[in-house]
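Please consult the sequence and the structure shown below while reading.

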Amino acid sequence: MENPEVTVSSCNVHDDENLCSYKRHSSVSQEGLLEDQLRRKLKFFFMNPCEKFWARGRKPWKLGIQLLKIVMVTVQLVVFGLSNQMVVAFKEENTIAFKHLFLKGYMDRMDDTYAVYTQTDVYDQIFFAINQYLQLPNISVGNHAYEKKGAEETPLAVCQQFYKRGIICPGNDTFDIDPEIVTDCLYIEPTTSLDNTTMGKHNLNFTLDFPRLVAVQLMFNLKAINLQTVRHHELPDCYDFTLRIVFDNKAHSGRIKISLDNDIAIRECKDWHVSGSIQKNTHYMMIFDAFVILTCLASLILCTRSVIKGIWLQREFVSFFLYYYKKEVSFSDQMEFVNGWYILIIVSDVLTIVGSTLKMEIQAKSLTSYDVCSILLGISTMLVWLGVIRYLGFFQKYNLLILTLRAALPNVMRFCCCAAMIYLGYCFCGWIVLGPYHVKFRTLNVVSECLFSLINGDDMFATFAEMQQKSYLVWLFSRIYLYSFISLFIYMVLSLFIALITDTYETVKHCQQDGFPETELQRFISQCKDSPNSGRYRLEDESSASLFCCCNGCM
């Protein structure tokens, strides 16, 4: 690439700062030096860590920190994951225990079918739950207790919701109703004595008007302490359970569905004392978390500095080409200076720092945001492991996956947009037609999950078999719908998607053997024949005539 003849020109206030730098130092004697320096800078910038070590003796600090960070973040994630599993298990087991305690005749895995059908059963269920609540300290095998506000225990609330006015005569096909919902609540203190044989009609003056009844809710609060963490050298947490037993009669179909919802809040215990070395173990874990934060902070600083250097070098190269060759640098060449792997590592470092800080607060019992912390640490660990692919990409045999993904991504995105239109069409059609007759098509979310499973060949026979045959027309439509969807997506869409990836893979493989087409940036850099161990990349050998630092200001 030959350089055009250059004349020295003066700068004015309207010139770009980089162009000004070139104009002030552009002379026939300096032109070759500046161009060689830029080529050498660019070649050094795109070297791998080993080549940079040979070129300037620069130690691969970022590589070392990433390897150290993988070990530390993974260990941190495993430790927190084991702790979080105990928390989730404690929540789930308490919810199951409450269902067995407060729902009469409840058995596991009958949440969707648990219902009552007679007025007597409704009263029995309500007063069974009330009686169990009043006797809880004597019957529960867990460390459950009533919630206290001050010195008083919070009561159980029995609230019934019903239409404000309703005269319903199905035999005459007539009704007169006011759809406004009225709520009436009855409060029962934990110290109340109740005789279950009276069903509450005399003791509590509690009756239900079933023709107008919409729902009955029993609401109460309980507390517990998760002591199992002590065995794992962690301080226990205190739990607040807000329970709500709902008798749903919105449909007025003769079937009142019963469900128990449990909202759980984790709080710091007010006054605690544990003998042994638990406190010391907590301090050790917090020191380890602090070390993880420092390591990620060092990685964040180094990667941010590299990204900034890349942007400055991009501006220098763009200005050089614009001034010397009167050409604009293509967008793809400019994006070569922005290292996406560094940005991924920066995001990972930020998430790890925030997640580790939350973990330290959780260990100190200042916060209880287990779910937020697990999401942050989980994503950050995933990104840390993905970031290592960058260093494997410096080896040609390991680089094939990265090159294939990068080359295929634009075509894959366009293909997925087209396929998504067909997929969404089937989702909406299946939901509106098959929803009332098939459990897997009741909501759009469930429909999408069902169709995605069918694409992958999962649960095909069950999807066909569970279709109700109450309407022959809908049953026939379901067969046409399912057969057409499976044939279209498995035999055509999925095959075309695989062919698209395979074609890109073959192209990249041939290019690795025959060479990739050179971009203008690569052609410019390739004219620099200096090898990494030539000694010409040493900082002390660089000329003082830098492309940027010599421009103190444009007049």
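Helices (H or I, at least four residues) and strands (E, at least two) are DSSP runs, numbered from the N terminus. Two strands are said to pair if DSSP finds at least two bridges between them. The model is a predicted one, in which local features need pLDDT of at least 70 and side-chain atom pairs count only at pLDDT 80 or more, while totals for chains, interfaces and linings use all residues. Residues are numbered from 1 along each chain as its sequence is written, and side-chain values use heavy atoms, with hydrogens and water left out.

**Overview**

The secondary structure of the protein comprises 16 helices and nine strands. Of its 555 residues, 41% count as buried; here buried means under 20% relative accessible area, exposed over 50%, and partly exposed in between (1.4 Å probe, protein chains only). Contact means heavy atoms within 4.5 Å. Among contacts between residues at least 6 apart in sequence, 72% join residues at least 24 apart.

**The paired strands**

Strands E5 and E6 form a hairpin with four residues between them. In the turn of this hairpin, Asp173 has a positive phi of about 60 degrees. Leu156 has Ile188 in E6 as its bridge partner.

| Strand | Partner strand | Bridges |
|---|---|---|
| E5 (residues 156–169) | E6 (residues 174–188) | 13 bridges |
| E5 | E7 (residues 213–225) | six bridges |
| E7 | E8 | eleven bridges |
| E8 | E9 (residues 256–267) | eleven bridges |

E8 has eleven residues, eight of them buried, so this strand is largely enclosed by the rest of the structure.

Val182 belongs to strand E6. This residue is partly exposed, with a relative accessible area of 25%. Leaving aside neighbours within four places in sequence, Val182 is in contact with Gln160, Gln161, Phe162 and Lys164. Val182 and Arg165 are 17 residues apart in sequence, and their C-alpha atoms are 9.4 Å apart in space.

**The second largest pocket**

Rolling a probe the size of a water molecule over the atoms shows where empty space is left. On a 1 Å grid over the protein atoms alone, a cavity is a set of points where a 1.4 Å probe fits but cannot get out, whereas a pocket is an open set with protein on both sides within 12 Å along at least five of seven lines; lining residues have an atom within 4 Å of a point. Grid points are joined across faces, edges and corners, and a volume is the space filled by probe spheres set on the points.

The second largest pocket has a volume of about 350 Å³. Its lining consists of 15 residues, of which Lys148, Lys223, Cys238, Asp240 and Lys270 are the closest to its centre. Strands E2 (145–146), E7 and E8 (238–248) each supply at least two residues of this lining, and the largest share, three residues, comes from E7. By type, the lining divides into six nonpolar, one polar and eight charged residues. In this count Ala, Val, Leu, Ile, Met, Phe, Trp, Tyr, Cys and Pro are nonpolar, Asp, Glu, Lys and Arg are charged, and the others, Gly among them, are polar.

**Residues in the helices**

In helix H3 (residues 49–56), the buried residues are Pro49, Lys52, Ala55 and Arg56. They cover an arc of only 120 degrees around the axis, which puts them on the same side of H3; the arc is that of the directions from the helix axis to the C-beta atoms.

Helix H4 (residues 61–102) contains Asn84, which counts as buried at 13% relative accessibility. Beyond its neighbours within four places in sequence, Asn84 is in contact with Tyr370 and Ser374. Lys99 also lies in H4 and counts as buried at 13% relative accessibility. Lys99 and Ser259 are 160 residues apart in sequence, yet 8.7 Å apart in space, C-alpha to C-alpha.

Finally, Ser478 is found in helix H15 (residues 472–514). Ser478 is buried, with a relative accessible area of 1%, and, leaving aside neighbours within four places in sequence, is in contact with Leu434 and Met467.
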